[in-house]
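Biologist: Please show me the model, and then I will ask about a few of its features.

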Amino acid sequence: MTSLRRTAMTRRTELRRTPMTRKRPNAQKTVAGRRKNTGPSNTVRGLVYARAGWCCEVCGRQLHDGNGWTQAHAVHHRRPRGAGGSSDPATNSPCNLLLVCGTGNEDPSTCHGLIESQRTLALANGWLVPQHGDPASTPVLVAGGATVLLTATGTYASAEWVTP
Ligand SMILES: [Zn+2]
């Protein structure tokens, strides 16, 4: 009598989870001419948000409740990026940026819309800086009524400046 022994050949093929390979966008690729992706880095944005206390720096309204943004907002360039402006390191420095309510639309009930629609006022208050101007030495009227200088490190410095 031959006993047929069957050895169970258990073969375990492990299901391997292959990590999804993400394609890296060519973020570093620079194209001659204008690109939209010329804004401030996340680090700089963080400095601006902290300086502003997560409030609009022009009207003071709160934009963030600690969990997320509650209002439309924008990081506004005081001196416009302009042609080739993004190559100037000052363009995306905290001294050239303001956290304001509103987005790029021209709604004048928001500070961003106000700045865009009332340029004379915006220039007088330092919310806009002419292309040839220096944002670091141009005082800006901020929420609460103080006139300050914005530093490159994301703080307010006192400005000796009298409102005309
Ligand atoms: Zn505002």
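The questions below go through the metal site, the aromatic rings and the sheet of this predicted model.

Biologist: Which residues coordinate the zinc ion?

Modeller: The donors sit at 2.3 to 2.4 Å from the zinc ion. Along the chain they follow the spacing C-x2-C-x41-C-x9-C. The SG atoms belong to Cys56, Cys59, Cys101 and Cys111.

Biologist: Is the site of the zinc ion tetrahedral or irregular?

Modeller: Four donors count as tetrahedral if all angles lie between 85 and 135 degrees. The angles among the 4 donor atoms of the zinc ion are 105 to 117°. Ideal angles for four tetrahedral donors are 109.5 degrees. The site of the zinc ion is therefore tetrahedral.

Biologist: How many residues apart are cysteine 59 and cysteine 111?

Modeller: Cysteine 59 lies in the loop between α1 and β1. Cysteine 111 belongs to helix α2, residues 111-117. The pair links distant parts of the chain, 52 residues apart.

Biologist: Is cysteine 111 buried or exposed?

Modeller: Buried means under 20% relative accessible area. Cysteine 59, at 39%, counts as partly exposed. Cysteine 111 has a relative accessible area of 7%, so this residue is buried.

Biologist: How many aromatic pairs are there, counting rings whose centres lie within 6.5 Å?

Modeller: One of the pairs is formed by tyrosine 49 and tryptophan 54, at 5.1 Å centre to centre. Planes under 30 degrees apart count as stacked and those over 60 as edge-to-face, so the 35° between these two planes makes the pair tilted. The count comes to 3 aromatic pairs.

Biologist: Which residues do ring pairs link into a cluster?

Modeller: Tyrosine 49 is buried, at 12% relative accessible area, and tryptophan 54 is partly exposed, at 34%. Tryptophan 54 also forms a tilted pair with tryptophan 69, with 5.4 Å between centres and 50° between planes. These two tryptophans are 15 residues apart in the loop between α1 (42-52) and β1 (73-77). The cluster consists of Tyr49, Trp54 and Trp69.

Biologist: Which strands are the edge strands of the open sheet?

Modeller: The sheet has 3 strands in the order β3-β4-β5, with antiparallel pairing. An edge strand pairs on one side only. The edge strands are β3 (140-141) and β5 (156-158).

Biologist: What is the bridge partner of valine 148 in β5?

Modeller: Strands of a sheet pair through backbone hydrogen bonds. Here 3 bridges join β4, residues 147-150, to β5. In β5, the partner of valine 148 is serine 158.

Notes. Residues are numbered from 1 along each chain as its sequence is written. This is a predicted model: local features need pLDDT of at least 70, side-chain atom pairs count only at pLDDT 80 or more; totals for chains, interfaces and linings use all residues. Side-chain values use heavy atoms; hydrogens and water are left out. Rings of Phe, Tyr and Trp (its six-membered ring) pair if their centres lie within 6.5 Å; planes under 30 degrees apart count as stacked, over 60 as edge-to-face and the rest as tilted. Buried means under 20% relative accessible area, exposed over 50%, partly exposed in between (1.4 Å probe, protein chains only). Helices (H or I, at least four residues) and strands (E, at least two) are DSSP runs, numbered from the N terminus. Donors are N, O and S atoms within 2.8 Å of the metal (3.2 Å for Na, K and Ca); water is not among the atoms, so sites may look incomplete. Four donors count as tetrahedral if all angles lie between 85 and 135 degrees; four count as square planar and six as octahedral if opposite donors are over 155 degrees apart and all others between 65 and 115; anything else is irregular. Two strands pair if DSSP finds at least two bridges between them.
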